[in-house]
Amino acid sequence: MSHASRSRRFVFVHGAWHGGWCWATVRQLADDRGHRTWAPTLSGMAIDEPCAHVDLDAHIEDVHNLIIREDIRDVTLVGHSYGGLVITGVADRMPDRIERIVYLDAFVGANGRSFADLAPIHDIEALVVEDRIAPMIPIEKLGSFDSEMAVILASRLVGQPWRTFAQSLHFSARALNRLPRAYIRTSDLIPEQAEHAMALGIEMIDARPAGHDAMLTEPAKIAMLLEQIEGLPVHRAEE
């Protein structure tokens, strides 16, 4: 496989109930093209891993620390679903390390609001079992999987540390306004988030119907789109 004209650095952030494993094929395709990639599994997202004190800030810190530890610069942050909140928080903390932000069918985030506010999830504490919230979206809503893949996916999903959904995101629009951002819409699962991104003037790429878990159902398409996103204009974040 030929290499890309310019090597890029991608940090992939998974969504709720997933782990870094969900990016494996996209990463391989990008690596084969000469890019460098990272895809951490966020705190509390391994089976049987303690998560009583894991909140949204902890997940933001996971990615922040990875970028510092690996000395990654000019990063393209890619966040899927809930991971969009994480990458917004990371970019706010270290805009000088970030080249661009890409939301993959993701929650862009709103200042002072939580995932539970945006989803929305009512009476969140009623859903908590042993500090976690079990997967709430049926597998068939995540994409078109054959029966074997659906069984594998269901076995790998884990309960989400509930405080990650309850904690509000806070960020400086001034920091985000310096960065180019794009939104890749792959499904109609969270249309209000795509509409919110468009209202903010974020570059919109319509890749439907790839499925919400497009990194699993259409990895080649996602890898191609990520490589093509270049020189995006800067758009204003919401105060």
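1. Setting aside residues up to four places away in sequence, Ser114 is in contact with Phe165, Ala166, Gln167 and Ser168. Ser114 belongs to strand E5, which covers residues 113–114. Its relative accessibility is 4%; because buried means under 20% relative accessible area, Ser114 counts as buried. The model is a predicted one, and the contacts of Ser114 should be read as computed from that model.

2. Helix H9 comprises residues 191–199, and its buried residues are Gln193, Ala194, His196 and Ala197. These residues lie on the same side of H9, because the arc they cover around the axis is only 160 degrees. What do the buried residues of H9 pack against? Their partners are helix H4 (115–118), strand E10 (181–185) and strand E11 (203–206). Just after H9, Gly201 adopts a positive phi of about 80 degrees.

3. Glu192 is also placed in helix H9. With a relative accessible area of 32%, Glu192 is partly exposed. Leaving out residues up to four places away in sequence, Glu192 touches Leu118 and Ala119. Glu192 and Ala119 stand 73 residues apart along the chain, while 9.4 Å separates their C-alpha atoms.

4. Ala119 is also part of a cis peptide bond: the bond from Ala119 to Pro120 has omega near -15 degrees. Pro120 sits in the loop between H4 and strand E6 (128–129). A cis peptide bond also joins Arg208 and Pro209, with omega of about 0 degrees. Pro209 is in the loop between E11 and helix H10 (214–217). A reader inspecting the backbone may wish to view both of these bonds, Ala119 to Pro120 and Arg208 to Pro209.

5. Which loop holds Asp71? Asp71 lies between helix H2 (56–69) and strand E3 (75–80), and Asp74 is likewise in the loop between H2 and E3. The phi of Asp71 is near 50 degrees, which is positive in a residue other than glycine. Asp74, not a glycine either, has a positive phi of about 55 degrees. Asp71 is partly exposed at a relative accessible area of 45%, and Asp74 is partly exposed at 39%.

6. How many residues of helix H3 (residues 83–93) are buried? The count is 10 of its 11 residues, and the helix is thus described as mostly covered. Among the buried residues of H3 are Gly83, Gly84, Leu85, Val86 and Ile87. The buried set also includes Thr88, Gly89, Val90, Ala91 and Asp92.

7. As to the whole protein, there are 11 helices and 11 strands. The radius of gyration is 17 Å, close to the 18 Å that the globule rule gives for 239 residues, so the protein is as compact as a globular protein of that length. The C-alpha trace spans about 50 × 45 × 35 Å along its principal axes. Of the 239 residues, 54% count as buried. Among contacts with a separation of 6 or more, 75% are accounted for by residues 24 or more positions apart.

8. Finally, the surface and the charges. The accessible surface of the protein comes to about 10500 Å², and carbon and sulfur atoms contribute 49% of it. There are 23 positive and 34 negative side chains, and 7 Å lies between the centres of the two sets.

Definitions and conventions
Residues numbered from 1 in each chain as written. Predicted model: local features only at pLDDT ≥ 70, side-chain atom pairs only at ≥ 80, totals over all residues. Heavy atoms only, no water. Buried < 20%, exposed > 50% of the residue type's maximum accessible area, 1.4 Å probe, protein only. Helix = DSSP H or I, 4+ residues; strand = E, 2+ residues; numbered from the N terminus. Arc of directions from axis to C-beta. Contact = heavy atoms within 4.5 Å. Rg over C-alpha atoms; globule rule 2.2 N^0.38 Å. Areas by Shrake-Rupley, 256 points an atom, 1.4 Å probe, with all protein chains shown as cover. Lys, Arg positive; Asp, Glu negative; His and termini not counted. Charge placed at Lys NZ, Arg CZ, Asp CG, Glu CD.
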